[in-house]
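Please read it beside the sequence and the structure.

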Amino acid sequence: MSAHSHADGKLPHEPEKATLEGRNKVLGFWLFLGGETVLFGTLFSAFLALRHQVGEGNPTGQELFQLPLVALATFLLLTSSLTSVFAIQAMHRQQTKQLISWLVITVLLGLGFLILEIYEFYHYVHEGHGFTTSAFSSSFYTLVGFHGAHVLFGICWISLLIGQLMKKGLTVITAPKVYVSAMYWHFIDVVWVFIFTVVYLMGKVG
Amino acid sequence: MTIKNRHSVFDCRRIFFLIGGLEAILIRIQLWKPLNNFVSADMFNELLTMHGTTMIFLAAMPLLFALMNAIIPLQIGARDVAFPFLNSLGFWTFLFGGLLLNVSWFTGGAPDAGWTSYVPLAGTTYSGDHGVDYYVIGLQIAGIGTLLGGINFMATIINMRAPGMSFMRMPMFTWTVFITSALILFAFPALTVGLAALMFDRLFDANFFNPANGGNTILWEHIFWIFGHPEVYILILPAFGIISEVVCTFSRKRLFGYSSMVFATMLIGFLGFMVWAHHMFTTGLGPVANALFSIATMLIAVPTGIKIFNWIFTMWGGSIRFTTASLFAIGFIPTFVMGGVTGVMLAAAPADFQYHDSYFVVAHFHYVIVGGLIMGIFAGLHYWWPKMFGRMLNETIGKITFVTFFIGFHMTFFVQHFLGLLGMPRRIWTYLDGLGFNGLNLISTIGAILMGIGTVAFLINIVITAAKPRNAADDPWEDGRTLEWAISSPAPEYNFAQTPLVRGYDALWKEKMDGNKGMTPAEPLGSIHMPSPSILPFIMSVGLFIAGFGFMYHNYYIGAAGLIIMFACMVIRSVKDDHGFHIEPDELQGKGVKA
Amino acid sequence: MAADNHTLTEERPRRHRLEGPQKHVIAFIFSVVLTLLAFALVMSGEMNETFIYIMLVTMAILQVIIQMAFWMHMKDRGHLFPIIGILAVPSSHLPVSLWHFIGFGGKQPIHN
């Protein structure tokens, strides 16, 4: 192990859990994700309750959704989840440079996902599927939009952490932040698994 | 504006309680005689909506949070909560959410669709002004604070316990706060979504609850009550915990059936999520659903009954002292039983068709919330006041508070059962003469004024006490059983100069029984690390407050500016490391005494 | 509890082997395959709707379990099943109940 970035020497093996503060942060974040699960569970409920309420003459999900685009978005997000695991592995090996590169790749993939989603929404609005069109459209944009906002937040957050890593290096203070942001990123990916299943695939079936 | 806001913030929460109480008294004055014209019908709707909303979200929960903040770290032998910054943020978001809600009085009308804010009444068609917008955005902001508080207490209780403080040695109050925090965590996000959906409907013309465009009004009821029912248990469980502590201390006995208490609490928390549709029996979910929710609701009576019996058995054969706290706890038990019994009556779906939306329901939930929770809070305040402020409350005035409040409470709400059975609907502005409602309503109003007198007596007590010297002993009740009574009153900033070693349940009592003077320390005296105070939580909450106004009045630049303020604070918080400061051992002695 | 929250506390005795990327790549491949299968199932069409729904949801749950086990580092401490239980129950019981009450399985709106 040659890549020591921390001036004080070697970090503990799991630097994210080396301090009480770090352990609190990881536990607190798990709890927060529990709350987020309920948040998305309720959003899914609302969407499921309203997804057939399309209204006269408005495009249905079956007509709107383009699966190849969704598949591409799914692939990007899934890959970004893998790269964020690699980032955490690099962190555990204390290779700050690799850690930063994996995080950069994660952010870029997330950005790609977000661009696809914005393009998708733009396209739908042109097809006459606006936020206020029907109960289906309102609940669709709210559910997928909440997820998109989470992705956007994650991108900003991880970018900020990359900056901190470059400035402060990997320490027992920055490590829990990176770890927790990776948890958040996985969670976003897990939510997306249900979105492409429930919103897009089930919507395509009818 | 320190990070550790546990003592100073108490006042704001009490003010919301007083506002809610004032609204209640105005409601009762309007109803004291038939065809009264004390307030207009519109004003009455606003009063009853704001009374419910204020009492639940801005008075009851924050008062509980204040107690939790002060007591939980002490009871588990911790220096502080796990996330002091979030603690402070939670307080400020709560305060600004509450302020936003109450600003509505001065900007053309408070929300008037009831605290449940059912659609379509709360939709733009029937509530066209900004009243309900204030409800939606104010509660959304205040809800952030509650959620953060829940996470904070869970993490604190899991990670910060002193050596030897295993889960099954935790004081009952800590246990109930733990379960309540879990309920907050799983219930509040549902409200977040419901409020967001209603906000989108009202501000951005979405169609969640607009049947004309395919929306579904029943959806709101489901979302609201999947949050709303656990909310009831979020409120009452900590009160159960307080009562357990007070009953033990003033009976000089160990809590009867401690482990059954713990499991009963868990069971109530679990079942609390399975019963929300009992608020919707008359909605038309069908006989199967009604039957299932009916049975699930009645099941809750079992663990609750366990608790009631445990308290009685704790007192049985104990040498009971009738201090004010003890009186409130003892008064709590029969009162809460009555609320529980009417709860089981309401849980019977066919009977509920008769009780629904009548004063019987009003009587029921005031018995559990005022008779349960507020009595519990009063007991807790009188019990822990010396630990929080270093001064004993006056016992004589305390007893006057108890007697007026207790009698006033039963006068107000006992007769409302019969008003309901006679057919008086809830939430009506006035009633006709000759329906048989006159006498009972008059009694109820007199009772409400008596409760008001009781509350004023409590305020006088606080003022008188504040003028006295800080001379409360470490263990002012002399029979303290738990860790908070092992340290000075009020608790020093760092709580424990040395983390205590816990050797059993009722940690301090065990040391007393073994003839020790105090707790055995688990670490040598050393310097204590403290977090720095931060102004960021305040600024973040101001940002949210501004953003709320911006969106409400469709001024998106102001809305965006508010959000930018909030996110900027988050960035600053992330980038700037908080190294905190240290309190050195030689500073500890002097500080420990006066603090 | 250490007085200084930033000082290192003593580490608990735990296995500290550094994992290679292989397991995570396998989890990734599993996820991709499950995703492709789901998309293929829908694109092929011609099948019973209920059957497709059940398959889709099953594959989604399977994928999430795999991802949580491998990527959210939960399998290490035996936390996987408790956490899934804690998270799945509260988050799924509202959707499942609404299925019954509002009837979103059917295409016809029940209300209005």
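1. Domain record, chain A. UniProt, in an unreviewed entry, places "domain: Heme-copper oxidase subunit III family profile" at residues 27–204 of chain A. UniProt positions follow the numbering used here, feature names are shortened, and annotations may be inferred rather than shown by experiment. Over residues 27–204 of chain A, 84% is helix and 0% is strand. The end C-alpha atoms of that span are 39 Å apart. Helices (H or I, at least four residues) and strands (E, at least two) are DSSP runs, numbered from the N terminus.

2. Ground rules. This is a predicted model: local features need pLDDT of at least 70, side-chain atom pairs count only at pLDDT 80 or more, and totals for chains, interfaces and linings use all residues. Residues are numbered from 1 along each chain as its sequence is written, chains are lettered from A and ligands numbered from 1 in the order in which they are written, and side-chain values use heavy atoms, with hydrogens and water left out.

3. Chain A overall. Chain A has 6 helices and 0 strands. Its C-alpha atoms fill a box of roughly 70 × 30 × 25 Å along the principal axes. Of its 206 residues, 68% are buried. Buried means under 20% relative accessible area, exposed over 50%, and partly exposed in between (1.4 Å probe, protein chains only). Of the contacts in chain A with a separation of 6 or more, 81% join residues 24 or more positions apart. Contact means heavy atoms within 4.5 Å. Chain A exposes about 6600 Å², and carbon and sulfur atoms supply 67% of that area. Accessible areas come from the Shrake-Rupley method with a 1.4 Å probe; for residues, only the protein chains shown count as cover.

4. A:Leu161. This residue lies in helix α5 (residues 135–168) of chain A. A:Leu161 is buried, at 3% relative accessible area. Leaving aside residues up to four places away in sequence, A:Leu161 touches A:Lys177, A:Val178, A:Ser181 and B:Ser574.

5. Domain record, chain B. UniProt lists "domain: Cytochrome oxidase subunit I profile" (unreviewed entry) for residues 15–503 of chain B. That span is 67% helix and 0% strand, with its end C-alpha atoms 41 Å apart.

6. A helix pair in chain B. The axes of α2 (residues 41–75) and α12 (residues 359–389) of chain B come within 11 Å and cross at roughly 35 degrees. Axes are lines fitted to C-alpha atoms, for helices over the stretch in contact, and angles run from 0 to 180 degrees between N-to-C directions. Residues in the contact include B:His51 and B:Leu67 of α2(B), and B:His366 and B:Trp384 of α12(B). By class, the contact has 14 nonpolar, 4 polar and 1 charged residues. Ala, Val, Leu, Ile, Met, Phe, Trp, Tyr, Cys and Pro count as nonpolar, Asp, Glu, Lys and Arg as charged, and the others, Gly among them, as polar.

7. Backbone points to check. Most residues other than glycine have a negative phi, and most peptide bonds are trans. A cis peptide bond joins B:Val119 and B:Pro120, with omega about 0 degrees. B:Pro120 lies in the loop between α3 (84–103) and α4 (131–159) of chain B. Another cis peptide bond joins B:Ser489 and B:Pro490, with omega about -5 degrees. Phi is positive at B:Arg252, near 55 degrees, and at B:Arg427, near 65 degrees. B:Arg252 is partly exposed at 37% relative accessible area, and B:Arg427 is partly exposed at 31%.
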